[in-house]
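Good morning. I will take a few minutes to walk through one structure.

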Amino acid sequence: MRLLALETSCDETAAAVLDGGRLLASEVASQIAIHQAYGGVVPEVASRNHLLTLKPVIDTALRVAGLSIADIDAFAATNGPGLATSLMIGTSAAKGLAVARGKPYLAVNHLEGHLLSPFFGDPAGVQAAVALIVSGGHTLLVEIEALGRYRLLGQTRDDAAGEAFDKVGKLLGLPYPGGPNVNRLAREGDPRAFDFPRSMIDSGDFYFSFSGLKTSVRYLLPKLENPSLPDLCASFQEAVVDVLVEKTIRAAQHTRRQIVAVSGGVSCNTRLREKLQSACAARGLQLRLADPKLCTDNAAMIGYVAALLLGQGESSPLTGDIDPNLRLVD
Ligand code: KG4
Ligand code: ZN
């Protein structure tokens, strides 16, 4: 079963080709350079660029996979959550191809794509786990019981962790997106230089808050005469990472899950990966980190979910709409 998956929920135009569970091609055309001038993603600009880029990205993915469109048995696309005008481009293309070729169409939840990406390529497939999704739009702790059976443990009450990285990056004058740039500068800095708040770390639940942390950086900056960017980045990053690691470990203990699965753009963060590794090792937990290429937005993770759904005999109606606020768990 060969599948073409499309991802256009935000500012990455992505296409992937899978054969069974095997990844044949994964192409991502990033719009970062285009949105950098505005300091963030401009929805109207994003959708117009998806429209221009999607066809060439699909053509490249097929060429890399050594296939033509006639070889594809099913078409999938992200139908939410995300920017409405961006989601419409990918879903319309996948539906159109499905109609033209007389093949099934699968609508995939972007968050399920992230959630299951740590299991991609594992012959054992999706396993019971506690999962942390940390991206630019979401910060969620979820219990995975099995494919399609998820329980929300907690999420952010305000900003997502990636959003906090991006906003602090902007405050510090770093290019968009702030996350990778803060991570890079933090390598040279002292994480104890500034004592930023670890919001809700002792709240006793699995909810997060990152907007206060961003505000403390904002208030501190004018008081510093010669601020060391690396120290600020390292201290801010440490505060985010401490809360994420602490709550994830507590969630694993609470649910008695042995596997900790971590995904989403922020899971590329090298300090988060390091601290999760040592915290899980100390408690005998198995850590499953998504491959860095599958952490930020991509179509391979969408294709993986679509392949699992198809394997269960599922497909989606062509009349199904996008849902910018689609949830992982109702
Ligand atoms: O998963 P993703 O590509 O898009 C969403 O679904 O939101 O995540 C993008 C987010 C951005 O906020 C970006 O700054 C953050 O992931 N990010 C990082 C790193 N790489 C990407 N944050 C911290 N450290 C990184 N190395
Ligand atoms: Zn994402």
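Let me begin with a proline. Pro81 sits in the loop that runs between strand E4 (74-80) and helix H3 (84-101). The peptide bond that joins Gly80 to Pro81 is cis, with omega at about -15 degrees. Before I go further, please note that this is a predicted model.

There is another cis bond to look at. Tyr176 and Pro177 are joined by a cis peptide bond, and its omega is near -5 degrees. Where is Pro177 placed? Pro177 is in the loop between H5 and H6. Those two helices span residues 161-171 for H5 and 178-186 for H6.

One more backbone point concerns Met200. This residue is not a glycine, yet its phi is positive, near 60 degrees. On the chain, Met200 falls in the loop between H6 and helix H7 (211-220).

Now the ligand. How many residues surround ligand 1? The number is 19, and the closest are Gly136, Asp166, Asn183, Asn269 and Asp297. Sorted by class, the shell around ligand 1 has six nonpolar, eleven polar and two charged residues. Helix H4 (110-116) supplies at least two residues of this shell, and so do H5 and H6, each on its own account.

Next, some individual contacts of ligand 1. One of its oxygen atoms is 3.1 Å from a polar backbone atom of Gly137. An oxygen atom of the ligand is also 3.0 Å from a backbone N or O atom of Gly265. With Asn269 the side chain takes part: an N or O atom there is 3.0 Å from a nitrogen atom of ligand 1. As for cover, ligand 1 taken alone exposes 550 Å², and the protein buries 88% of that.

Last, the second largest pocket. Its volume is about 200 Å³. The lining is made of 13 residues, and those nearest the centre are Ala107, Val108, Asn109, Glu112 and Leu309. Which elements supply at least two residues each to this lining? They are strand E5 (105-109) and helix H11 (300-311). Of the contributors, E5 gives the most, with four residues. By class, the lining of this pocket has six nonpolar, four polar and three charged residues.

To close, here are two things to find on your screens. Then find strand E5 in the lining of the second largest pocket. Thank you.

How values were computed:
Residues are numbered from 1 along each chain as its sequence is written. Chains are lettered from A and ligands numbered from 1 in the order in which they are written. This is a predicted model: local features need pLDDT of at least 70, side-chain atom pairs count only at pLDDT 80 or more; totals for chains, interfaces and linings use all residues. Side-chain values use heavy atoms; hydrogens and water are left out. On a 1 Å grid over the protein atoms alone, a cavity is a set of points where a 1.4 Å probe fits but cannot get out, and a pocket is an open set with protein on both sides within 12 Å along at least five of seven lines; lining residues have an atom within 4 Å of a point. Grid points are joined across faces, edges and corners, and a volume is the space filled by probe spheres set on the points. Ala, Val, Leu, Ile, Met, Phe, Trp, Tyr, Cys and Pro count as nonpolar, Asp, Glu, Lys and Arg as charged, and the others, Gly among them, as polar. A residue is near a molecule or strand if one of its heavy atoms lies within 4 Å of it. A polar contact is a pair of N or O atoms within 3.5 Å; within protein, one must be able to donate a hydrogen and the other to accept it, and residues adjacent in sequence count only if both atoms are side-chain atoms. Accessible areas come from the Shrake-Rupley method with a 1.4 Å probe; for residues, only the protein chains shown count as cover.
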